[in-house]
Amino acid sequence: MKKKKEIDLTKIKPEEMMKYEIAKELGLFDRVLSDGWGALSAKETGRIGGIMTRRRRDAAKKEEELKNSTEKETQTSSEVPIL
């Protein structure tokens, strides 16, 4: 039988943290902590993966929009008015 590994939530990567947060939102967090990720069904892990993908895509889209709006502001503020 495999040895259970204690999970230190303060020392995990942001992407891993997102996975745990989504599991908590779906009510699967306690099962993951007690039995590990292998205890989840393919449907449950697929749902977690799908939500992670959507959140990453939304974050990238917001970042791109912010970058574009910042570039536009920089361009308009650097233009010198012709008198």
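Does Glu 44 count as buried or exposed, and at what relative accessibility? Glu 44 counts as buried because its relative accessibility is 19%, where buried means under 20% relative accessible area, exposed over 50%, and partly exposed in between, with a 1.4 Å probe and protein chains only.

Before I go on, a word on the model. This is a predicted model, in which local features need pLDDT of at least 70 and side-chain atom pairs count only at pLDDT 80 or more, while totals for chains, interfaces and linings use all residues. Residues are numbered from 1 along each chain as its sequence is written, and side-chain values use heavy atoms, with hydrogens and water left out.

As for the overall layout, the protein chain has 3 helices and 0 strands, taken as DSSP runs numbered from the N terminus, with helices being H or I of at least four residues and strands E of at least two. Buried residues account for 14% of the 83 residues in the chain.

Let me return to Glu 44, which sits in helix H3, residues 42-78. If we set aside residues up to four places away in sequence, Glu 44 touches Leu 28 and Arg 31, a contact being heavy atoms within 4.5 Å. With Arg 31, Glu 44 also forms a salt bridge, in which the closest N and O atoms are 2.6 Å apart; the term stands for a side-chain nitrogen of Lys or Arg within 4 Å of a carboxyl oxygen of Asp or Glu. Since Glu 44 lies in helix H3 and Arg 31 in helix H2, residues 29-35, the pair ties together parts that are 13 residues apart in sequence. Arg 31 itself counts as partly exposed, at 31% relative accessibility.

How many salt bridges does a search of the whole structure find? The search finds 4, and another of them joins the side chains of Glu 25 and Arg 55, at 2.5 Å from N to O. Here Glu 25 belongs to helix H1 and Arg 55 to helix H3, so this pair links parts that are 30 residues apart in sequence. Glu 25 is exposed, with a relative accessible area of 54%, whereas Arg 55 is partly exposed at 31%.

A further salt bridge, at 3.5 Å from N to O, brings together the side chains of Glu 16 and Lys 19. Both of these residues lie in helix H1, residues 14-25, and they are 3 residues apart, about one turn of the helix. Glu 16 is partly exposed, with a relative accessible area of 31%.
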